[in-house]
Amino acid sequence: MFKKVLVANRGEIAVRVIRALGEMGIRSVAIHSEVDRNCLHVEMADEKICVGPGPSLESYLNIPNIISAALITKADAIHPGYGFLAENIYFAQVCGDSGISFIGPTPDTIKKMGDKIAARQMMKKLGVPVVPGTDGPVTSGDPDIFKTAKKIGYPIIVKASAGGGGKGMRIVKSEDELKDALDIAGGEAKKAFGNDSVYFEKYLDEPRHVEFQILGDKKGRIVYLPERDCSIQRRHQKLVEESPSTAVERSLRRKMGKTARLAAAGVKYRTVGTVEFLLDKKENFYFMEMNTRIQVEHPVTEMITGIDLVKEQIRLAAGETLDYDSDDIKINGHAIECRINAEDPDRDFIPSPGKVERFISPGGMGVRVETHLYSGYIIPSFYDSLLAKVIVNDKTRKAAIAKMRGALGEMKVEGIKTTLPLHKRIFENEDFVKGDVYTNFLQKHIFSI
Ligand code: MV4
């Protein structure tokens, strides 16, 4: 097992990882930027080291500085958290070349799954269902695009191969929009990812986002855990996640879970990850993408399974193995997570950095708060606006909703604007309470009022 791990991140996820390291008896090293000296993760870690000025490019994304920090502190491994360098092929490579274990997949796996067109092709070959679409990249000049689109049937959706986060995505309702959509999506993708490669597929009507946590070990065992439903999103940022999904019963769970396992086995997955599917109203499901990191929403799965995913991720990176199967997993009630951001919902969600004058955390049985906040903390403007994740777990979905309402009511964040009021509204919404959630839920219910 590792003796010392450097955590190459900040905020709530750095706090989360440092806690896991402490429980495992592993020394932790926090990195921080010049503006992050007073952060909770720096306070909590056994050692700390500054890696550069405030802007992420000069600190949390500064590969030479982070590798130097790991070598100076003699860390055996680096945990990247999510975001920043978590899915950076080059970083994973340099860690390996420097004799430091990267707690995550191999550079090759990151690369394969980061290219959506390649991932789609690989999944198709493995027998994992993908949305009907093009077999490779397309451009507005290709002679076959109209024939292909017609065969698939409109509406179609144009997606960037390097995509994620909705950038470079375009819905096309008819033939006359196709050429422009390919050009615009390609241009957006070039700007966002430095890669203008796009493809298209059938646009599904009101699908759900259902994803499966998977774990793989060096012996090739792959375990899938019960699904998370992440359908409630705003501009492709998830707001609420829950497990299990109200749209998935036992037999569909097994079918989708086994498909997720097939996908992971096909790329020889040896760490924790997520296979994302779109699920339509007829229970057809399609591979969307594979995330090769620990995700923001991992706690809902931890709450219903009792498995600490960060500890598992660290164990697996150290070469330990899994001694349980998917069939051994019992679902303990229902769990829901709300992501609370420092944004102003009344001003188009503009970030709201500044001093947190007062912070009161919710609590009680079945309430978990993952945050780096404390009263007096000054939120810098350089980074992500995620402030806190409130996670509840109770016997039924109904009880979990009641618990979340209580928790959101107890929580106080004064001095800055937060998305707490929006979450309170979601938890009063009739369709949400019924479990009727799909990808345009917010459009339909919250922003139309
Ligand atoms: C789709 C889709 C409908 N049909 N693909 C992909 C990336 C993700 N952020 C949004 N994506 C979608 N892909 C096909 N073929 C609808 C969406 C979508 C969506 C998916 C899940 C959750 C929220 C969403 C909001 C808008 C669009």
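1. At 22% relative accessibility, Asp 394 counts as partly exposed. The class rests on relative accessible area, computed with a 1.4 Å probe on protein chains only: under 20% is buried, over 50% is exposed, and partly exposed lies in between. Lys 403 is likewise partly exposed, with a relative accessible area of 22%. Lys 403 and Asp 394 form a salt bridge, with the closest N and O atoms 3.3 Å apart. A salt bridge here is a side-chain nitrogen of Lys or Arg within 4 Å of a carboxyl oxygen of Asp or Glu. Salt bridges with shared partners also link Glu 211, Arg 228, Lys 238, Glu 241, Glu 276, Glu 297 and Arg 339 into one network.

2. A word on the basis of these values. This is a predicted model, in which local features need pLDDT of at least 70 and side-chain atom pairs count only at pLDDT 80 or more, while totals for chains, interfaces and linings use all residues. Residues are numbered from 1 along each chain as its sequence is written, and side-chain values use heavy atoms, leaving out hydrogens and water.

3. The protein chain is divided into domain 1 (4–103), domain 2 (132–202) and domain 3 (208–446); the bounds come from an automatic or database domain assignment. Taken over C-alpha atoms, the centres of domain 1 and domain 3 are 23 Å apart. Their contact takes 32 residues from domain 1 and 27 residues from domain 3, where contact means heavy atoms within 4.5 Å.

4. How much area is buried between domain 1 and domain 3? The value is about 2,300 Å², and carbon and sulfur atoms give 61% of it. Buried area is the accessible area (1.4 Å probe) that two parts lose on being put together, summed over both. On the domain 1 side, Glu 12, Arg 16 and Tyr 82 supply 27% of the area buried against domain 3, more than any other three residues.

5. Helix α1 (residues 11–23) gives 10 residues, the largest share of the side of domain 1 that touches domain 3. Helices (H or I, at least four residues) and strands (E, at least two) are DSSP runs, numbered from the N terminus. By class, that side of domain 1 has 16 nonpolar, nine polar and seven charged residues.

6. The side chain of Glu 12 meets that of Lys 389 at 3.0 Å, N to O. The side chain of Arg 16 meets that of Asp 308 at 2.7 Å, N to O. This second pair links distant parts of the chain, 292 residues apart: Arg 16 is in helix α1, and Asp 308 is in the loop between α10 (298–305) and α11 (309–317). Arg 16 counts as buried, at 6% relative accessibility.

7. By the same rule the count comes to 36 salt bridges. Side chains of opposite charge can pair when their charged atoms come close. Are Glu 227 and Arg 253 buried or exposed? Both are buried.

8. Ser 385 sits in the loop between β21 (378–379) and β22 (386–394). Ser 385 is buried, with a relative accessible area of 17%. Its side chain makes a polar contact of 2.7 Å with the side chain of Glu 343. Not counting residues up to four places away in sequence, Ser 385 touches Ile 340, Asn 341, Ala 342 and Glu 343.

9. Some backbone details remain. The peptide bond from Tyr 154 to Pro 155 is cis, with omega near -5°, and Pro 155 is in the loop between α7 (145–152) and β6 (156–160). A cis peptide bond also joins Ser 243 and Pro 244, with omega about -5°; Pro 244 lies in the loop between β12 (237–243) and α9. Arg 235, in the loop between β11 and β12, has a positive phi near 45° although it is a residue other than glycine. Arg 235 is exposed, with a relative accessible area of 58%.

Terms used:
Nonpolar A, V, L, I, M, F, W, Y, C, P; charged D, E, K, R; others polar. Polar contact = N/O pair within 3.5 Å; in protein donor to acceptor, adjacent residues only side chain to side chain.
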